[in-house]
Amino acid sequence: MKRRRWWLAGAAGVVAAISLLMVPALGDGPITTEVGVLRLHLDSDGDKLIFDPTAAGSNQTQTLTAPGCKLTSTGVSLVSFAASATQTNKNPFPGLKDHRIGVGQTGEGNGEPCARINKDLGQALTVGLTGALNGRAVSYAEIDLGFKFNGSATLQLFRSGAQVGDDITVPCSGASDCGPDSGGSDNERVILFLSPLDDPPAGHWQEFQIAGVFDTIVIKPSDSVPAAKGVVSLEGGFNGSLAGPVGGPLGTDDTLFRVVDAFDGEIDCGEDETQSGEDATLHITRGFDTDGGCKGPTDGLLFNFEAGTEGNELFVDFITEPVGGASVAQFLEVITWEFDNPPDVSSGPQHRTISYDDHVGDGKRVMPWCKEDPRVDTSGVLPAGNPADYLPLGHTSCLIESSSRVTGVLDILDYPLGTFLKVDIVYNIGDGKRYT
């Protein structure tokens with residue numbers, strides 16, 4: 001399995017008292033899990049989009065062509081392109097010419113139609129995830145933009161149709177008149193980052209922290225800059241800006257997007273979410289409340305997740321916003337704990353027990369086994385009913401199943417060395433912190 005790490009700073013593994021993954025506050029976020037790298041490659045060896053998944057699997061390719069300079073594509077659907085302009089009767093369309101993406105329209109004239117997004121024509125290019133990437137988002141990007149006529153660019157980010165943060169203005173700072181025909185010196189490498197860990201060092205790029213993940217970006221010349229005929233083009237390595245801090249190690253100056261699954265801290269009844277750190281993964285399913293309803297905020301129950309170490313134990317902490325009233329929310333958790341080595345059966349910790357703290361004042365205690373399996377036909381569905389049918393008296397969490405295994409190779413003494421995995425399946429009402 002591929003285990004690419006995109007962030008520019010961070011720890012490899014758990015360090016005592018440092019969390020691996022957390023949402024800062026209930027409802028804030030999002031928590032992101034990388035699913036792959038999307039590259040816009042525009043160069044003499046072919047114009048295309050390439051998605052390289054983080055998990056094991058083949059790359060997916062969307063090939064871009066331009067009959068009559070109108071952008072079309074074949075292969076896997078990864079990204080959609082749309083165009084707009086002031087003169088709607090001129091039928092604006094996404095264009096591709098000389099390895100640059102812009103906007104074309106009927107009767108635009110000579111020069112470089114299709115390769116530019118023109119301010120004087122009120123043109124804008126919209127690029128969005130679609131097809132195989134539908135429902136995903138972008139948390140980090142390195143975008144190669146070309147400029148002409150001293151124009152600047154405006155970037156607008158959207159997720160599910162709603163704008164994310166304010167407009168971003170990218171000033172032209174290159175040589176000459178900031179034109180694509182003047183070479184890479186008139187291109188800008190624009191870095192968009194969500195996590196402070198991805199904040200790049202100072203370099204030959206312009207960087208902007210974004211307010212959230214996005215699935216669509218609109219690119220157009222900026223109205224805030226007086227250049228009357230400002231022009232911007234979307235590029236991907238051909239005669240463009242130098243590679244960014246992520247593209248450099250990957251050996252590419254393509255336009256790059258980190259594609260993620262993003263979770264905003266909301267979960268409705270029947271929904272499930274997976275949150276992962278280096279040494280703990282929580283897969284959680286919300287059942288219906290114990291009275292059969294599904295109370296909470298309109299968009300779902302809000303929750304926090306944090307994972308890390310305390311002393312010599314791993315922990316995950318799952319905190320919910322109460323649904324209110326006498327009914328409580330039910331959850332099914334599958335927690336996978338990961339250790340660098342198997343336990344030392346002669347003297348070391350065995351990692352065989354799980355403890356919990358339900359945040360109601362009783363403190364840390366050993367989690368008991370459930371009185372019976374609360375799942376319907378072990379399907380993961382939690383029926384409405386009395387938690388006392390499953391929970392031992394005085395407890396809010398119980399263990400349904402626990403297993404462990406070693407993954408790795410055998411040394412010459414036939415003692416298994418590798419990664420030790422422990423999987424606990426837990427039923428709980430409310431929330432709690434789990435230790436092992």
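**First stop: a valine inside**

Select valine 231, which counts as buried because its relative accessibility is 0% (buried means under 20% relative accessible area, exposed over 50%, and partly exposed in between, with a 1.4 Å probe and protein chains only). Before you go on, please note that this is a predicted model, where local features need pLDDT of at least 70 and side-chain atom pairs count only at pLDDT 80 or more, while totals for chains, interfaces and linings use all residues. Residues are numbered from 1 along each chain as its sequence is written, and side-chain values use heavy atoms, with hydrogens and water left out.

Valine 231 belongs to strand S18, residues 231–235. Helices (H or I, at least four residues) and strands (E, at least two) are DSSP runs, numbered from the N terminus.

Which residues does valine 231 touch, not counting those up to four places away in sequence? Show Arg116, Ile117, Asn118, Gly146, Phe147, Lys148, Phe149, Gly151 and Pro221; contact here means heavy atoms within 4.5 Å. Now draw a distance from the C-alpha atom of valine 231 to that of glycine 146: the two are separated by 8.2 Å, and the residues are 85 apart along the chain.

**Second stop: the disulfides**

How many disulfides does the count come to? There are three, where a disulfide is a pair of cysteine sulfur atoms within 2.5 Å.

Begin with cysteine 69 and cysteine 114, joined by a disulfide with an S to S distance of 1.8 Å. Cysteine 69 sits in the loop between strand S4 (60–65) and strand S5 (72–75), and cysteine 114 in the loop between strand S8 (100–104) and strand S9 (117–118), so this pair ties together parts that are 45 residues apart in sequence. Cysteine 69 counts as buried at 18% relative accessibility, and cysteine 114 counts as buried at 1%.

Next, select cysteine 269 and cysteine 294, whose sulfur atoms are 2.1 Å apart in a disulfide. Look for cysteine 269 in the loop between strand S20 (266–267) and strand S21 (272–276), and for cysteine 294 in the loop between strand S22 (280–286) and strand S23 (301–310); the pair therefore ties together parts that are 25 residues apart in sequence. The torsion about the S-S bond of cysteine 269 and cysteine 294 is about 105°, so this disulfide is right-handed. Cysteine 269 is buried, with a relative accessible area of 14%, whereas cysteine 294 is partly exposed, at 39%.

Then move to cysteine 370 and cysteine 398, a disulfide with its sulfur atoms 2.0 Å apart. This pair links distant parts of the chain, 28 residues apart: cysteine 370 is in the loop between strand S27 (365–366) and strand S28 (397–410), and cysteine 398 is in strand S28. With a torsion of about 90° around the S-S bond of cysteine 370 and cysteine 398, this disulfide is right-handed. Cysteine 370 is buried, with a relative accessible area of 15%, and cysteine 398 is buried too, at 0%.

Side chains of opposite charge can pair when their charged atoms come close. Here a salt bridge is a side-chain nitrogen of Lys or Arg within 4 Å of a carboxyl oxygen of Asp or Glu, and the structure holds twelve of them.

Select aspartate 254 and arginine 39, whose side chains meet in a salt bridge of 2.7 Å, N to O. Aspartate 254 lies in the loop between helix H1 (247–250) and strand S19 (255–263), and arginine 39 in strand S2 (residues 31–43), so the pair ties together parts that are 215 residues apart in sequence.

Now try glutamate 333 and arginine 434, which form a salt bridge of 2.8 Å, N to O. Glutamate 333 is in strand S25 (residues 330–339) and arginine 434 in strand S30 (residues 432–435), distant parts of the chain, 101 residues apart. Glutamate 333 is buried at 0% relative accessible area, and arginine 434 is buried at 0%.

Next come aspartate 424 and lysine 422, with a salt bridge of 2.5 Å, N to O. Aspartate 424 counts as buried at 0% relative accessibility, and lysine 422 is buried at 1%.

To finish, show Asp373, Arg375 and Glu401 together: they are linked in a network of salt bridges.
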